[in-house]
Amino acid sequence: MTVHHTSGPADWIYQLAPGHGDAPRTPASSAHSITEATDRLGPQPVAWAIAVGDELARVIIHEVPELGGGPAPYETLRMGTEAATLYALLLLADPAADRAIPEESLLGDREFARRCLGLDKVLRGIRVAHAALTNALMAACQEIAPLPERAEQFRRVSELLFGFVDEFSSRMTAEYLAEHDRWLTSGAAAREETVRLILGGQPVRQEAASELLAYRLEGRHLAVIAWCDSPTADAAGDLQRAAVELLHRRRCTSTLIIPTGRTTVWAWGEPHTAPPPTGTPGELPYQEGIRFACGSVRHGLPGFRQSHEDAQHTVRVMQLNPGSTGSVVDYPDVGLAALVSADLPALRRFVSDELGALAADSRHAGQLRRTLRLYLRNERSLTVAAAQLHVARNTVTYRVKRAQELLGHDLTDRLPELMTALEAAQTLGPAVLRPEEDDSHDGASRRS
């Protein structure tokens with residue numbers, strides 16, 4: 001089914017452009033869709049649609065939080081809102097064109113069905129997006145369209161979007177119900193339901209659950225959560241293959257893969273008795289944008305749940321500092337940061353109090369923190385710290401002295417607290433540090 005309008009074009013849309021000072025946003029739609037829209041509308045209206053699509057996704061998640069779920073689900077939602085915005089502009093540009101609703105705008109709906117989100121929430125998200133898109137177009141029309149034409153253009157925008165959202169809701173409902181039926185009748189639904197029961201601490205018959213999952217629950221478990229920051233058409237397949245490959249690299253024999261939407265996979269593997277090797281980003285020839293959070297190796301049915309919980313904490317740490325944690329992160333490497341960051345505002349205050357001027361998010365303060373951290377971790381060995389930093393011993397001496405001056409107290413005064421703050425700053429970075437221009441904290445005042 002397609003939407004067909006007979007009213008005339010709205011020439012003012014060719015003057016649409018992002019707000020002055022707005023940073024350009026990366027499109028969520030395919031290159032083909034962006035190229036086609038740019039050829040028809042021009043680069044500035046397309047940039048406006050990308051910015052509005054991003055804002056619509058944020059508004060939807062604010063009003064219906066269940067439709068969120070992290071960066072990857074957000075990107076899928078943004079793909080849909082961006083595609084819908086571009087579609088609305090193309091209809092305004094040529095109301096007589098016979099245009100089908102873009103498939104990219106429906107991908108999120110299929111993911112919502114697989115995540116078992118209620119259809120009522122999906123339809124509420126559509127209503128919220130409709131209202132926000134209408135407001136954005138009306139405001140732009142008010143600013144750009146000639147005064148004598150505004151009333152007619154307001155009517156056209158309202159009519160077009162009403163017809164669009166009516167058909168779009170019908171398509172979304174049909175897609176949702178079809179995907180939901182496919183999901184419920186597949187073995188994947190039964191496996192996911194069993195896994196969620198285990199993760200929720202509900203009683204299950206272990207032998208029957210192992211048979212259904214084709215995975216031994218009484219063994220040892222290494223849980224992995226894999227997701228992609230920039231979803232593609234085959235994101236789910238890429239993630240499943242990548243998760244299996246990672247588990248095999250960690251010496252796991254049997255594996256269990258549970259897709260939880262297009263952009264996230266839960267996985268478990270049973271490692272050999274020998275501890276699995278720690279992965280590094282350089283070892284993994286996966287496409288850019290795929291990330292892995294690994295739990296600790298744990299045993300039995302409780303361990304199946306606990307390792308997954310470890311992986312969830314690892315995901316949280318990775319999302320707090322995405323630029324510095326790498327594409328593969330193990331819970332043992334960030335366990336302390338995960339524990340102390342459960343109350344992030346309190347941790348920020350703690351780091352600021354303990355590190356004083358060293359808590360600044362600057363290159364110089366970061367260099368001093370790293371040097372001091374390695375010096376203390378190596379039992380105050382200047383030689384070992386220098387070797388690890390690849391600098392001269394005297395350089396370490398100078399940096400440690402300067403760090404202590406900025407701290408304003410002796411290193412032994414609060415050594416456990418100091419080490420905890422340094423570890424948190426190392427792992428979480430800007431999430432717990434003060435902006436460099438913020439000089440409101442006097443590092444020595446608390447100790448004086």
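Entry 1: I began with Arg 155, which is partly exposed at 40% relative accessibility; buried means under 20% relative accessible area, exposed over 50%, and partly exposed in between, with a 1.4 Å probe and protein chains only. The side chains of Arg 155 and Glu 159 meet in a salt bridge at 3.4 Å, N to O; the term stands for a side-chain nitrogen of Lys or Arg within 4 Å of a carboxyl oxygen of Asp or Glu. Both residues sit in helix H6 (residues 150–184), four residues apart, about one turn of the helix. I took helices (H or I, at least four residues) and strands (E, at least two) as DSSP runs, numbered from the N terminus. Glu 152, Arg 155, Arg 156 and Glu 159 are linked in a network of salt bridges.

Before going on, I noted that this is a predicted model, where local features need pLDDT of at least 70 and side-chain atom pairs count only at pLDDT 80 or more, while totals for chains, interfaces and linings use all residues. Residues are numbered from 1 along each chain as its sequence is written, and side-chain values use heavy atoms, with hydrogens and water left out.

I then looked up the total: the structure holds 20 salt bridges. One of them joins Glu 423 to Arg 373, with the closest N and O atoms 3.0 Å apart. That pair links distant parts of the chain, Glu 423 in helix H16 (residues 415–428) and Arg 373 in helix H13, 50 residues apart. Both Glu 423 and Arg 373 are buried. In helix H3, I found Glu 75 and Arg 78 three residues apart, about one helical turn. Their side chains form a salt bridge (3.0 Å, N to O), and both residues are buried.

**Entry 2: aromatic rings.** How many aromatic pairs does a search of the whole structure find? I got four, counting rings of Phe, Tyr and Trp (its six-membered ring) with centres within 6.5 Å; planes under 30 degrees apart are stacked, over 60 edge-to-face, and the rest tilted. Tyr 215 and Phe 304 have ring centres 6.2 Å apart and planes at 55°, so I logged the pair as tilted. Tyr 215 lies in the loop between H8 and E3 and Phe 304 in helix H10, so the pair ties together parts 89 residues apart in sequence. Phe 304 is buried, at 0% relative accessible area. Trp 268 and Phe 304 have centres 4.2 Å apart and planes at 10°, so that pair is stacked. Trp 268 belongs to strand E5 (residues 264–271). I also noted one aromatic cluster formed by Tyr 87, Phe 164 and Phe 168.

Entry 3: Is Ser 307 buried or exposed? Ser 307 counts as buried, at 0% relative accessibility. It touches His 221, Leu 222, Ala 223, Gly 295, Ser 296 and Arg 298, not counting residues up to four places away in sequence; contact means heavy atoms within 4.5 Å.

**Entry 4: backbone angles.** Most residues other than glycine have a negative phi. Ala 214 has a positive phi of about 55° although it is not a glycine, and is exposed at 62% relative accessibility. Glu 379 also has a positive phi of about 55°, and lies in the loop between helix H13 (363–377) and helix H14 (382–389).
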